[in-house]
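Student: Could you show me how to read burial and core packing in a model of this kind? I would like the general idea before the particular case.

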Amino acid sequence: MIGKPQILHKQEWLAFLFHRHDAHLASFHTFSNYRSIWIISIIILAVTSLSPLVMATLINQRLIRQSVDAELVLQTERVTSNAKRSVRFFLEERLNALRFIVNELPYYALIDNEHLAEILSNLKLGFGGFTDLSIIDADGSQVAYAGPFNLEGKNYKTQPWFTKSLQRDNFISEVFTGYRDVPHIIIAVRSMNALGRLFILRATLDTQRLMDTLLSYKTNVHTDIFLMNHTGLLQTPSKNYGKIFTPTRLDVPEFSTTTNVIMPENKSDHAFITGYSYIITEAVTTPFILLVNKEKSVVMGTWLNLGKTFNWIIGISCLVMMIIITLVSTFMVNKLYLADKTKAETMLRMEQSQQLACIGQLSAGIAHEINNPLALINETAGYLKDLYHFTEEEQNDEEVMENLDAILEAVSRCGTITSQLLGFVRQFDVQISRVDVEKLITGILRFHKKETEYKGIHVTTAISPDTPAIETDRGKLQQILLNLINNAFQAIEANGCLDITVSHLRPDNITIEIKDTGCGIPAENLKRIHEPFFSTKKEKMGTGLGLSITYGLVKKLQGNIRVESSEGVGTIFFVTLPVKMQKEESA
Amino acid sequence: MKIILVDDEKKFINMLAKRLALRGLQADVAYSGEQALEKAAKTHYDLAVLDLKMPGISGFVLKKKLQESWPRIKCIFVTGHGSIDKNGDQDHSEDIFLAKPLDIDTLIETIHRTIGPENTRRP
């Protein structure tokens, strides 16, 4: 036989996590591993809901970065290009002025110091940036000089710039200190005098003017604009690389006639983006390379901050979504689990009911078939006994009497078993009618009248006057009370008490209390008394079916049964029944 | 005081009649509902002990038919079945049911209670 499954009324959270494998229920469960269903559902929900968000964020960031980079390249290129044009114009303008002078004025006029000084003065006035002016002949001797330094008579034959300027029509030098120890640039124009001898008109340019021109393109403190020569030596001071003439250790960029921008290979935001351009005038290639360095992080600052904020928002959203997903999954899986569990329990109960019904029907069939021959044995043996009993001469044959009693006792015992087996059938068929509990109890007690008197048992019934007639199955209720009262009578010794109380404390049910002063039930047996075939009355012909049937019947009547007992003091059975039993489909 | 015992189990009912006779209760026997009705047509019975399930007329139907002729007749039902098929709208609240195998003392006591001991003659 199978015990009653417990219905889970308390729908606790996470019940599925604490699911214990039950061999009886397992086959009725649709799913077995709720933990993995839970995890899979969280993963699927998380992947489907979060992946588009994450993908969109990544794509968005990539696009932002690309557009920022493009914007940065454009910006750097523009600044570099503009600065280059200014520097080129600065040099070209001055070179062209010198070219104009040598072409316009005769050699003798040029070698006149006063005239040269006047020209210098005009150049300073017209263009600015000129420091001095001199005429040097092909031997390197300075023929005429106008300017603040006393350099007349100096020979430049050994100077590298002189050699270079003698080889071409126009020449622009690197920044160098020369004799005077001040950084300057030399612009030289080669020409020929009337005698066909080469001479050079040389002007020294103030680098400050050039630096000012460059600095005017410095849009912010994070931009570094400077000139360097073809070997990487600084030609103007640099914010990042230091003073003039400091080696930058930069790779000299590849020669190009256009403006170029180098994006750092290093993806870090602290890298520099570099714009460069070789300064080439129409007439001459200068030794200068213009470099514009911009720190990426500073330029991209706003964008990077926005990106960070965006990442935070996305991160928090993902976290919130994960929490919601987890909660929803947990809730749904728990609901699924509880529904499945309830279904499994119902199916198990149905199976048990069906099994019980089958057993019951089988038992009833057998019991009924046995009852008729049993009745005949009973009557025959009874009649034989009667014959001896009523015919006085045979009365003393004790052996015959004993054997007849044994037969009758065996028949009575069989009768008890068959009547209890028949009780099983009665569990499955409910017929509701109005039942007066008081009348029913009185009727049952009447059957025990003889036993009551014989044992001297004191029986009291207290029925609350407001107890209504209840709508229930009369036969089953009769059987319940009969079983319980029988039990009580069997437990009670001579001069004991049996109290039956019926109370109507709650409007929708009544409670029948059957209290005896019998031997009581030991605590270890209390839990088992409703189990079929559990009996402690083997010697007293107990079948172990009485209370099991009673329990089943009470449940069938939608009631509850509870027992309190202390060994040696007595037992109280509490049977609570609904005032109006709900019709249900019989199992 | 007239009693009739009705059951299709002939040996059982004869034996029961003999045992009742030993206890001073004379009872007629019938082996079917039809036979019982025949006997009841001739004799006025005070009490009928009826088997519930018999071929032909069942215990309940028999009771109804007997009561048509003798409205004051009392009935005790004896059954080997655990359950009682309460058919139709008949009220069984006053009916007495006893299970087989019978305890003779219980039967006698029930008979006394049903028709009153003053109507019965004891040995």
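**Reading a buried residue**

Tutor: A:Ile289 is buried, because 22 other C-beta atoms lie within 10 Å of its own; a residue is called buried if 20 or more other C-beta atoms lie within 10 Å of its own, exposed if 12 or fewer, and partly exposed in between, with C-beta atoms placed from the backbone. This is a predicted model, in which local features need pLDDT of at least 70 and side-chain atom pairs count only at pLDDT 80 or more, while totals for chains, interfaces and linings use all residues. Residues are numbered from 1 along each chain as its sequence is written, and chains are lettered from A and ligands numbered from 1 in the order in which they are written.

Student: In which strand is A:Ile289 found, and which residues is it in contact with?

Tutor: A:Ile289 belongs to strand 9 (residues 285-295) of chain A, a strand being a DSSP run of E with at least two residues, as a helix is a run of H or I with at least four, each numbered from the N terminus. Contact requires C-beta atoms, placed from the backbone, to lie within 7 Å; leaving aside neighbours within four places in sequence, A:Ile289 has contacts including A:Leu227, A:Pro253 and A:Tyr276.

Student: How many residues has the largest nonpolar core?

Tutor: In soluble globular proteins, nonpolar side chains tend to be buried together. A nonpolar core is a set of buried Ala, Val, Leu, Ile, Met, Phe, Trp, Tyr and Cys residues joined through C-beta atoms within 7 Å. The largest one here has 51 residues, and A:Ile289 and A:Leu290 are among those with the most contacts inside it. Its largest share, nine residues, comes from helix 2 (residues 34-104) of chain A.

Definitions and conventions. Contact = placed C-beta atoms within 7 Å.
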